[in-house]
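Please read the points below with the model open beside them. They go from the whole chain to single residues.

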Amino acid sequence: MASSVKPFDANNPAIGELDARSAASLLAVAGDIALVMDGAGVIRDVAVMGGGDTQFDAATQWIGRPWNETVSGDSRAKIDTLLKEAIHQGVSKRRQVNHLMGDVMDVPVSYTTIKLGRDGSLVAVGRDMRHVSALQQRLVEAQQAMERDYWRLRHVETRYRLLFQLASDGILVLDATNLKVLDANAAAGQLFGEPTDRLIGRVFPLGMDATAARALEDLLGAARSAGRSGDIGLTLHGGRAVHASASCFRQEQATLLLVRFSPAELPAGGGSGANSPSRLLDLLERSPDAFVVTDLEGVILTANRAFLDITELASEEQVRGTPLATYIGRPGADFPVFTSMLRKNGVVRLMATSARGLHGNQSEVEVSAVWVPEGEEPCIGFTIRDIGRRLASGPQGARDLTRAVEELTSLVGRVSLRDLVRDTVDLVERHFIEAALELTNDNRTSAAEVLGVSRQSLYVKLRRHRLVSPGGDREEDVSG
């Protein structure tokens, strides 16, 4: 059965008997805010639904002003369209505009404008769209993060395939349930005397005598139970002697086995056990997180490949002997904070800062550190993790600072240049002091070192900007 909705008739005599202010109070129930205006679009009254929204509490200041002066510049054309449609058609289509709300960010509101009565009064009913805008922003950020992850995985897969095929040892990837070959590199094809594509899909062991097959079955059984097997010597078909080892891992809810064959003259284990220092160094070298060792002055002694990727350098020799502050943190500021926290706590955990490459690329990183101040070679070890792909959990300070400076710019012509410069300097100074306190977890001594000012000077600035409660600095002196 077909149904139809009759449009609201704003010129209905019954509606005309209701004054605009009463209509606005009634219509505010259907939205979050209602504006009563005359035929020229000048606001005469405001009705707010709920009454607890501090953003819309400031809307009472709009009374007596044209509606299009309360919105941002890009929304004024929409206001004119809303007014014209309401005057000529009785009711307008819904459109979203951005209201200017002083020191806070613009508030998006979706309006429908209605003409009421014969005196030409208009009522605009609006819905607060901040939650919708926040969800849209989160969706965009999530999509961008997914795209970055996708391309990062593509690059990782490319590097894996390249290393897999260039490896001199024969490597087979097996399904642990049926021992079918899922992947094999070129060295494995040469080892077994068949093209690589003909190895895939066959059941392992491949073309071996009974003794070698039983030894490999025991090897795979040990890998399944312990996760990794030791090395065994085998003689393949054709009399070629090799060392074999296996490891077990999970991927996409499936259990796989990686079997490695090395020539007998080059032992697969390299003569080192699982707990040997050389194995640990090899793991650090392959770690996806950057790892770098410096002396107590911050001069780099050694670094792994991930750190070279961050610094955009080709070899360890290029970074060895250079200051860590050249690449991590603010030069001359962050490293003293690291050493101060190490002296106090012995470790630094997840300190947020930035990293710079040789060619200017920057990224947000988290730094953890531990030190060995005694011994033959005192040193500091840093673990650096790229966190640029994480979603931001809150508003960005730089964006808020830019908006505040733009609002100060709007005062040009009404306030003297000297006052504008003074207010801007105070605003920027307060912003950077708050950032330093957040970076150092409200440790004012460390914050003073980060900002390059004395501790007493920082206390003076904290009191001037009202960032410290009365007596707060005296408590800091006692606790320090």
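**Notes on the predicted model**

1. Residues 24 or more positions apart account for 43% of the chain's contacts with a separation of 6 or more, a contact being heavy atoms within 4.5 Å. This is a predicted model, in which local features need pLDDT of at least 70 and side-chain atom pairs count only at pLDDT 80 or more, while totals for chains, interfaces and linings use all residues. Residues are numbered from 1 along each chain as its sequence is written, and side-chain values use heavy atoms, with hydrogens and water left out.

2. The chain has 17 helices and 15 strands. Helices (H or I, at least four residues) and strands (E, at least two) are DSSP runs, numbered from the N terminus. Of its 480 residues, 35% count as buried; buried means under 20% relative accessible area, exposed over 50%, and partly exposed in between (1.4 Å probe, protein chains only).

3. The largest nonpolar core has 36 residues, of which Val292, Phe307, Val319, Ile328, Phe382 and Ile384 touch the most other members. Such a core is a set of buried Ala, Val, Leu, Ile, Met, Phe, Trp, Tyr and Cys residues joined through side-chain atoms within 4.5 Å. Apart from this core lies another, of 26 residues, including Leu174, Leu179, Ala244 and Ala246.

4. Which residues does Ile384 contact, leaving aside its neighbours within four places in sequence? They are Asp289, Ala290, Val292, Phe307, Ile310, Ile328, Val365, Glu366 and Val367.

5. Helices H14 (residues 417–439) and H16 (residues 455–464) pack at an angle of about 115°, their axes 11 Å apart. Axes are lines fitted to C-alpha atoms, for helices over the stretch in contact, and angles run from 0 to 180 degrees between N-to-C directions. Asp426, Glu429, Ile433 and Leu437 in H14 meet Leu458, Lys461, Leu462 and Arg464 in H16. By class, this contact of H14 with H16 has four nonpolar, no polar and four charged residues. Here Ala, Val, Leu, Ile, Met, Phe, Trp, Tyr, Cys and Pro count as nonpolar, Asp, Glu, Lys and Arg as charged, and the others, Gly among them, as polar.

6. Ser121 is in strand E5 (residues 121–128). Is Ser121 buried or exposed? Ser121 is buried, with a relative accessible area of 11%. Asp38 is 83 residues from Ser121 along the chain, yet their C-alpha atoms are separated by 4.7 Å.

7. The peptide bond from Phe204 to Pro205 is cis, with omega near 0°, and Pro205 is in the loop between helix H7 (196–199) and helix H8 (210–226). Glu312, not a glycine, has a positive phi of about 60°; its place is the loop between helix H10 (305–311) and helix H11 (316–319). Leu350 also is not a glycine and has a positive phi, of about 50°. Leu350 lies in strand E13 (residues 347–356) and is exposed, at 57% relative accessibility.

8. Val299 is in the loop between strand E11 (290–294) and strand E12 (300–303). Val299 is partly exposed, with a relative accessible area of 27%. Not counting residues up to four places away in sequence, Val299 touches Val293, Thr294, Gly321, Thr322 and Pro323.
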